[in-house]
Amino acid sequence: MALRKIWSRESMPEDTDAALLKRVAEGERAAFRRLHARFHGKVYGFAMRLLQRPDLADEVASDTMMVVWQKAANFRGEAKPETWILGITYRLSLKAMRTKARAALNDEIDEEIPDDNAGPQVIEALFAAKTIAEALRHLPAEQRAVVQLTYYYGYRLVEIAEITGLPIGTVKTRMFHARAKLRKSLGDLA
């Protein structure tokens, strides 16, 4: 009964994520284009942080949006549409890692080259960013995902449990182990 209220067009503005997802479920291409424009960048960014490979991140982002188009009717409204979409991205990213990305996760990190006027603080900040990115890269994907969802996207542990489909205790355990590994890797920066 509550789900009917969520899905009824009268109960929500036409431009909300939930309303767009409902219209996508009905096959409306214009609604999908708007939802795609809203979420593709976030989906790609999340996949890129997990996979560390632009080609795989692009593939996962495209696959995620295809699943959204095909499975929009499966959205039950129990979580935010963003949580549902990022959950799809998370699962597809893990699948991509298992099948394609294991050997290639060590691509070079793109660096900005400071200009001649850059002070020691700029150079130190770039070094710290590279060091942190390298430390994150060495975390197992499941731990890296929890860290990135928390610190890059600002999700709470309860929301991360929804996105990943894991019990809250598992999310907390992954965060605990990730922080311990990062502390060890980043000893001098901490």
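Arg53 is buried, with a relative accessible area of 13% (buried means under 20%, exposed over 50% and partly exposed in between, with a 1.4 Å probe and protein chains only). The model is predicted: local features need pLDDT of at least 70 and side-chain atom pairs count only at pLDDT 80 or more, while totals for chains, interfaces and linings use all residues. Residues are numbered from 1 along each chain as its sequence is written, and side-chain values use heavy atoms, with hydrogens and water left out.

The side chain of Arg53 meets that of Asp55 in a salt bridge, at 2.6 Å from N to O (a salt bridge is a side-chain nitrogen of Lys or Arg within 4 Å of a carboxyl oxygen of Asp or Glu). Asp55 is partly exposed, with a relative accessible area of 44%. Eight salt bridges are found in a search of the whole structure. Another of them joins Glu78 and Arg76 at 3.2 Å, N to O, and both Glu78 and Arg76 are exposed.

Lys80 and Glu159 also form a salt bridge, at 3.6 Å from N to O. This pair links distant parts of the chain, 79 residues apart: Lys80 lies in the loop between α4 (54-71) and α5 (81-101), and Glu159 in helix α8 (helices are DSSP runs of H or I with at least four residues, numbered from the N terminus). Lys80 is partly exposed, with a relative accessible area of 44%, whereas Glu159 is buried at 12%. Through salt bridges that share partners, Lys80, Arg156 and Glu159 are joined into one network.

Helix α9 covers residues 168-185; at 1.5 Å a residue, its 18 residues should span 26 Å, which agrees with the 26 Å between its end C-alpha atoms (the expected span is 1.5 Å times one less than the number of residues). The buried residues of α9 are Val171, Met175, Ala178 and Leu182. Seen down the helix axis, these buried residues fall within an arc of 70 degrees, so they line one face of α9 (the arc is that of the directions from the helix axis to the C-beta atoms). An α-helix has 3.6 residues a turn, so residues three or four places apart point the same way. Phe176, Arg183 and Lys184 are exposed residues on the face of α9 turned away from its buried side.

Tyr152 is found in the loop between α7 (141-151) and α8 (157-164). Tyr152 is partly exposed, with a relative accessible area of 41%.

Definitions and conventions. Helices (H or I, at least four residues) and strands (E, at least two) are DSSP runs, numbered from the N terminus.
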